Amino acid sequence: MRKTKLYLSLAIGMFMLATLTITVDQLLVFKKAVAVASISSADEVQIPVLCYHSITNAKKGEYIVSTETFQAQMNSLHEHGYRSISLEQFDQLMKGKLKNNGKMVLITFDDGYRDNFTNAYPILSKYGFTATEFLVTSWVGGGSYMNWSEAGELYRAGWDIMSHTRTHPYLPLHKAKGQREEIAGSKQDLEKHLPVPANVIAYPYGLRSAETVDIVAESGYTYAFTFDDGMTTSKQNPYLLKRLFIKGEMDLQAFERKMAY
């Protein structure tokens, strides 16, 4: 009986030792994984890229931010120590050539509304901010859209003027030739009117296919922004970059939560 108890005690002791050994090994593996994850995280750059459309009090809608709301949002960025960056600085940041201090923001506008010039431009200038304007080149100068002279003034003030295609189509619904005319054609339009290489594009409606992405790369663009909501990171495909969509009904608290100060 005593021998049985002894064997049983030894067996339990060996089991506990084996269990302890496995636990230690697992802990070492876990620590190694955490260390690798920390290194990976340190190498990854993350930046908020804000996506706006129209800035006006004349109408309301999901894609329309009032002048007062926009003013409050830019003031909040300023008070929290943010500074806007250009696409050249964005490129350096993505490539690790510019140190990420966590207080950089890329501000973008889609479509080229005139109110971006008349309403957003003065507010941004007040805080020393600039932005990127993605123009639909066939809309320039028509209806409620800015003209080439206004786009030129924004460029001279430090804004980047880039492509949003020629006619704002649903790109994946077109054949390759039609997509190329929209994508490469808008690049040609921009470079004809402005002394700047148009090397960044935003997909209309955020829609794209694998073929669309290939045509964008073949046309000489280095980055392409989608309408996928989220922070932009250096780990993302450079032709599938996310942005933070700023909706018209978003209050200041929601904006600040989205920025995650």
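In which sense do β6 and β7 pair, and over how many bridges? The pairing of β6 and β7 is parallel, over four bridges. Two strands count as paired if DSSP finds at least two bridges between them. Helices (H or I, at least four residues) and strands (E, at least two) are DSSP runs, numbered from the N terminus.

This is a predicted model, in which local features need pLDDT of at least 70 and side-chain atom pairs count only at pLDDT 80 or more, while totals for chains, interfaces and linings use all residues. Residues are numbered from 1 along each chain as its sequence is written, and side-chain values use heavy atoms, with hydrogens and water left out.

**Whole chain.** Select everything to begin. The protein has eight helices and twelve strands. Of its 261 residues, 44% count as buried, where buried means under 20% relative accessible area, exposed over 50%, and partly exposed in between (1.4 Å probe, protein chains only).

**Strand β6.** Select residues 104–111. Eight of the eight residues of β6 are buried, so this strand is largely enclosed by the rest of the structure. Towards β7, look for aspartate 110 opposite phenylalanine 134.

**Helix α5.** Select residues 148–156. Glu150, Ala151, Gly152 and Leu154 are the buried residues of this helix. They pack against α4 (114–126), β7 (132–135) and β8 (160–163); a contact means heavy atoms within 4.5 Å. Go to the start of α5, where a side-chain oxygen of asparagine 147 comes within 3.1 Å of the backbone nitrogen of serine 149. After the helix comes glycine 158, with a positive phi near 105°.

**A surface patch.** Select Tyr170, Leu173, Tyr205 and Leu207, which make a nonpolar surface patch of about 430 Å². Patches are made of residues with over 30% relative accessible area and no salt bridge, like charges being joined within 9 Å and nonpolar side chains (Val, Leu, Ile, Met, Phe, Trp, Tyr) within 5 Å. A salt bridge is a side-chain nitrogen of Lys or Arg within 4 Å of a carboxyl oxygen of Asp or Glu. Finish on tyrosine 205, in the loop between β9 (200–202) and α7 (210–218). Tyrosine 205 is partly exposed, with a relative accessible area of 40%.

Technical notes:
Accessible areas come from the Shrake-Rupley method with a 1.4 Å probe; for residues, only the protein chains shown count as cover. A polar contact is a pair of N or O atoms within 3.5 Å; within protein, one must be able to donate a hydrogen and the other to accept it, and residues adjacent in sequence count only if both atoms are side-chain atoms.
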